[in-house]
Amino acid sequence: MAETDPCQEEREEMVEFQILARGVRDRRVLAAMRKIPRHLFVPKGYERAAYEDRPLPIGEGQTISQPYIVAVMTEQLDLAPQDRVLEIGTGSGYQAALLAELAGTVISVERLADLADRARENLARAGVAGVRVVVGDGTQGYPPEAPYDAIIVTAASPTIPEPLIDQLAEGGRLIAPVGPRDCQDLIKLVKHEGRVETIPLGGVCFVPLIGQFGWQGDGYP
Ligand code: SAM
């Protein structure tokens, strides 16, 4: 990919000025972000904006998150190569592609079938194997493959869905934006001997997680 990739330089700059400069230091995360072609995960016409310091629309009222936020969330998952990871909110498939670089098994659940189809196409175009995209209500987790060493939720809910905590393995890490509709706190949970430690990571703004254990519909109660 390296020499023929027209966006290699933009990715280097994204990592240096948006991610390293703001304190993300995990070498494996930085290498994955240098490698995954983010411009293949944005809609046609947005390729030139793919490496800018902001989220972008991906259709259906949804977004691909700002690169820095993706980096922070990924770093906080502390992934090892053999880990089993569950992502809730596939969106474009970009976050899932990074997870596949860093972990062993990646399952990603998306509520909207059209976005799930597009994400599968994006992942195939980017040459990323090893992500299983499932259509469904991710607030219920994905019990058939539980437990997970890491769970990342890329849409915001009023509280962390209880099934996700149940499906976290011993020693497992969960990252999720939690709070009101507009902006939220990024929360990390770590499960120790069945108990959960909660670590706040700062403010973020995500689209809503809609489902049984999240917001109850597009109208938000
Ligand atoms: N991780 C994505 C990426 O790399 O492009 C960005 C995700 S976008 C900010 C949030 C996604 O969560 C949207 O695609 C939305 O449809 C999805 N979503 C919302 N509620 C969901 C639910 N209950 N289960 C699964 N996905 C859900």
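The model is predicted. Eleven salt bridges are found in a search of the whole structure.

**Salt bridges**

- Lysine 188 and aspartate 78 form a salt bridge through their side chains, at 3.3 Å from N to O. This pair links distant parts of the chain, 110 residues apart: lysine 188 belongs to strand 8 (residues 184–192), and aspartate 78 to the loop between helix 3 and strand 3.
- Lysine 188 is buried because its relative accessibility is 8%, whereas aspartate 78 is partly exposed at 43%.
- Arginine 84 and glutamate 145 also meet in a salt bridge, at 3.0 Å from N to O. Here arginine 84 sits in strand 3 and glutamate 145 in the loop between strand 5 (131–135) and strand 6 (148–153), 61 residues apart.
- Glutamate 52 pairs with arginine 54 in a salt bridge whose closest N and O atoms are 2.8 Å apart. Arginine 54 is partly exposed at 37% relative accessibility, and glutamate 52 is partly exposed at 34%.

**Helix 1**

- A surface patch of negative charge consists of Glu9, Glu10, Glu13 and Glu16. Glutamate 10 lies in helix 1 (residues 8–20) and is partly exposed, with a relative accessible area of 31%.
- Arg11, Met14, Val15, Gln18 and Ile19 are the buried residues of helix 1. These buried residues pack against helix 2 (27–35), helix 3 (67–76) and helix 4.

**Serine 92**

- Serine 92 is located in the loop between strand 3 (84–88) and helix 4 (94–102).
- Serine 92 counts as buried because its relative accessibility is 6%.
- Leaving aside residues up to four places away in sequence, serine 92 touches Phe41, Ile58, Ile64, Ala119 and Asn122.

Terms used. Residues are numbered from 1 along each chain as its sequence is written. This is a predicted model: local features need pLDDT of at least 70, side-chain atom pairs count only at pLDDT 80 or more; totals for chains, interfaces and linings use all residues. Side-chain values use heavy atoms; hydrogens and water are left out. Helices (H or I, at least four residues) and strands (E, at least two) are DSSP runs, numbered from the N terminus. Buried means under 20% relative accessible area, exposed over 50%, partly exposed in between (1.4 Å probe, protein chains only). Contact means heavy atoms within 4.5 Å. Patches are made of residues with over 30% relative accessible area and no salt bridge: like charges are joined within 9 Å, nonpolar side chains (Val, Leu, Ile, Met, Phe, Trp, Tyr) within 5 Å. Accessible areas come from the Shrake-Rupley method with a 1.4 Å probe; for residues, only the protein chains shown count as cover. A salt bridge is a side-chain nitrogen of Lys or Arg within 4 Å of a carboxyl oxygen of Asp or Glu. Lys and Arg count as positive and Asp and Glu as negative; His and the chain ends are not counted. The place of a charge is taken as NZ of Lys, CZ of Arg, CG of Asp or CD of Glu.
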